Amino acid sequence: MNTILQFLKDEDTSTKDVEQIDASSREVEKVNQLFTKNVESRQAMSHLRIRPKVGKNQIWSVKNEYVDFLGNTQKTVHPLLVSIATDIDEMEDEEFVRVYVISPFLEMATQQDIVCKDASIIGFPFLVETWNEQPVLTEILDLYLGYYETIDSFTEQENLNAIQKEFREVEISRAKYLNHSIMAMLIFLETNQEQEFSVIISLFGKNQYLSYSKEIQSTNTLIVQEPQIEIFDRNNKKYKGLSNKYKIVFSSLKNGLYTLSSKLIKETIEIRLK
């Protein structure tokens, strides 16, 4: 159990003040390989399936990296799997759901926890962390892995030992990676509403805001005062623009995340149209 906590703490900065657990690097790596191997194997199989619409009781992997609504890249070291707890809801045309984090570490389960011992569903038995429910944008869900119906129930007061209590604290802290997708969107929408911004750019680690005129916004057109700019969507599709020596115009752009690149700038620029 100590090895499991050390494995999870490898990426968790919020637990740096907690007493360190003595676990060898070899033991931690063994746990890491066991979890990662099972997840990657299941993900490879899922490529052969048709991607379904996100729905309650489905199990999905989460992207290990995503660009949030403020243009900042978020990363996680360890794979995250989730069980969809609610139907899809929308906020400003953005889809979100509430999820339960899924863990392969059955050793940490209490008698009241929901545990699935059927390894055929996602490749290994798992614990459904109903005590770790988080809101998440559906756009950061990655691959559909399976279906497992989680029955809602009210449980009596649990008696957690020290290891189980610390495990829950670490897992809830790690899940900030999920709810940050929603928090960043809310900050973006609040800023956009107050200052009528429609584009946010992440440039050299800082957020820059641009605004459309209403006429431009209605036609989904982006004008960049740099003719050598190239623009790609999240699927790496390149868009062609009309340019002269002063500027380039991209039209028919949908709301969403785009990447701008230029030979004049070493770093790529992430923008989000809303």
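Two strands pair if DSSP finds at least two bridges between them. In this predicted model, β12 and β16 (residues 248–250) are joined by 3 bridges and run antiparallel. Within that pair, Leu-222 stands opposite Phe-250 of β16. The two strands belong to an open sheet of 3 strands, ordered β12-β16-β15, with antiparallel pairing. Its edges are β12 (222–224) and β15 (242–243), each of which pairs on one side only.

Helix α3 spans residues 162–174. Its 13 residues reach 18 Å from the first C-alpha to the last, close to the 18 Å expected at 1.5 Å a residue. The N-terminal end of α3 is capped by Asn-161. A side-chain oxygen of Asn-161 lies 3.1 Å from the backbone nitrogen of Ile-163. Several α3 residues are buried, including Phe-167 and Val-170.

The largest nonpolar core holds 17 residues. Those with the most contacts inside this core are Trp-60, Val-62, Val-82, Ile-84, Val-99, Leu-141 and Leu-178. Two or more residues each come from β1 (58–62), β4 (81–84), β6 (94–103), β9 (141–147) and α4 (176–195). Strand β6 gives the largest share, 3 residues. A second, separate core has 15 residues, among them Ala-85, Cys-116, Val-128 and Tyr-148.

Terms used: Residues are numbered from 1 along each chain as its sequence is written. This is a predicted model: local features need pLDDT of at least 70, side-chain atom pairs count only at pLDDT 80 or more; totals for chains, interfaces and linings use all residues. Side-chain values use heavy atoms; hydrogens and water are left out. Helices (H or I, at least four residues) and strands (E, at least two) are DSSP runs, numbered from the N terminus. The expected span of a helix is 1.5 Å times one less than its number of residues. Buried means under 20% relative accessible area, exposed over 50%, partly exposed in between (1.4 Å probe, protein chains only). A polar contact is a pair of N or O atoms within 3.5 Å; within protein, one must be able to donate a hydrogen and the other to accept it, and residues adjacent in sequence count only if both atoms are side-chain atoms. A nonpolar core is a set of buried Ala, Val, Leu, Ile, Met, Phe, Trp, Tyr and Cys residues joined through side-chain atoms within 4.5 Å.
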